[in-house]
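Please look through the structure below before reading on. The paragraphs that follow lead through a few of its parts.

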Amino acid sequence: MSTDVKLFDYRNVDRAEEFEDIPVLDMGPYLAGEPGAAEELAANIRFIQETIGFYVVINHGIPRNMVDDAYTALQRFFELPNEEKLKYKFDETSVGYIPPKSTVYVTSKINKNTKQDLNETLVLCLDRPDDHPFVRDGVRFTGPNKWPNLEDFREPMVRYQYACADLGRKIVPLYALALDKPIDFFDAHFKEPIMWTRNAHYPAVKPEDNQFGISPHSDHSFLTILPLTEVAGLQVLTRKGNWLPARYIEDAIVVNTGEFLNLWSNGRFIASPHCVVPPDKDRISMATFFDAAPETLADPADFAEPGEKLKYEASTMIDYVCWYIDRNYSSKAGGKQEGIEPDAA
């Protein structure tokens with residue numbers, strides 16, 4: 001881990017101050033079960049999720065070699081010819097390969113996105129057996145995965161998936177504490193989560209005006225888990241309207257709140273807009289969306305103060321993620337957005 005990492009402490013920060021860096025939190029004491037560590041970490045998360053919405057965790061428990069093995073497998077996939085990748089095309093199951101220029105985030109509230117995003121993506125959901133009820137019933141984002149016919153691909157990806165699921169389940173109780181609920185408030189909703197990873201390749205190409213690797217948007221998710229990469233690209237929009245680049249920290253992971261938790265918390269926890277600018281050399285990322293079980297109902301009344309106006313209508317997890325993807329993804333790449341022409345579609 002980098003020696004210049006400064007840990008965030010909400011007690012040393014004024015809410016009116018502008019963030020000069022994405023806050024860094026140490027999960028080590030909490031994962032080791034040290035007394036008071038959960039409460040201290042939750043207090044920092046509360047401050048962050050009410051002000052910037054993004055933070056970086058170190059000592060999170062996912063081994064470096066596990067992340068590296070997953071990146072290596074993805075590199076081999078994205079090097080395949082286009083016609084081979086298109087054999088695994090994203091469809092109504094909402095898993096598979098998405099060609100470049102297949103998305104325009106029209107749901108963005110901070111930028112009128114008009115140009116197709118430059119990334120190509122392989123969506124893989126949490127791997128489940130074929131007889132799992134979600135898979136059997138055709139629940140979107142739950143499988144079966146379209147595994148590329150590549151040696152040493154599936155195993156490292158599945159290992160990484162389950163490490164992310166384990167980390168997500170350990171972070172969720174902290175959000176309960178941060179929202180002034182019992183530590184197990186959310187746990188039952190994550191025994192069988194919807195969890196999928198947007199494995200993206202961002203090419204080093206010159207963008208057109210108002211074009212991005214991935215355009216300004218907020219994630220749909222309860223929370224998102226993303227290992228930092230040495231190749232820069234991710235930028236987060238601060239409350240003062242500045243784009244804050246994510247600084248590389250060795251073995252660190254970015255976590256952020258998505259729109260589903262923003263809705264559920266009645267707006268208390270923000271879903272910060274972010275984007276990926278085209279990198280100066282090819283970049284691969286693994287953004288894992290850790291979502292509640294499909295029928296989980298996010299009701300903002302659960303967190304509204306007495307007499308507080310409800311800012312959103314209640315929604316189930318599956319309804320929200322389907323609405324989000326269908327609005328932002330091309331009808332030729334598993335969504336319902338017309339007028340987007342994916343490359344090699």
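Which residues of α3 are buried? The model is a predicted one, in which local features need pLDDT of at least 70 and side-chain atom pairs count only at pLDDT 80 or more, while totals for chains, interfaces and linings use all residues. Residues are numbered from 1 along each chain as its sequence is written, and side-chain values use heavy atoms, with hydrogens and water left out.

The buried residues of α3 (buried meaning under 20% relative accessible area, with a 1.4 Å probe and protein chains only) are M66, V67, A70, Y71, A73, L74, F77 and F78. Because they cover an arc of only 160 degrees around the axis (taken from the directions from the helix axis to the C-beta atoms), they lie on the same side of α3.

Turning to the sheet, eight strands form an open arrangement in the order β1-β2-β10-β7-β12-β5-β4-β3, with mixed pairing (two strands pair if DSSP finds at least two bridges between them). Since β1 (24-26) and β3 (96-98) stand at the edges with a single partner strand each, one side of each is left without a neighbour in the sheet. Within the sheet, β4 (residues 120-125) and β5 (residues 194-202) pair in the antiparallel sense over six bridges, and E120 stands opposite H201 in β5.

Elsewhere, N328 is found in helix α8 (residues 317-328), and N328 counts as buried because its relative accessibility is 0%. The side chains of N328 and T107 are joined by a polar contact of 3.0 Å (a pair of N or O atoms within 3.5 Å; within protein, one must be able to donate a hydrogen and the other to accept it, and residues adjacent in sequence count only if both atoms are side-chain atoms).

How values were computed
Buried means under 20% relative accessible area, exposed over 50%, partly exposed in between (1.4 Å probe, protein chains only). Helices (H or I, at least four residues) and strands (E, at least two) are DSSP runs, numbered from the N terminus.
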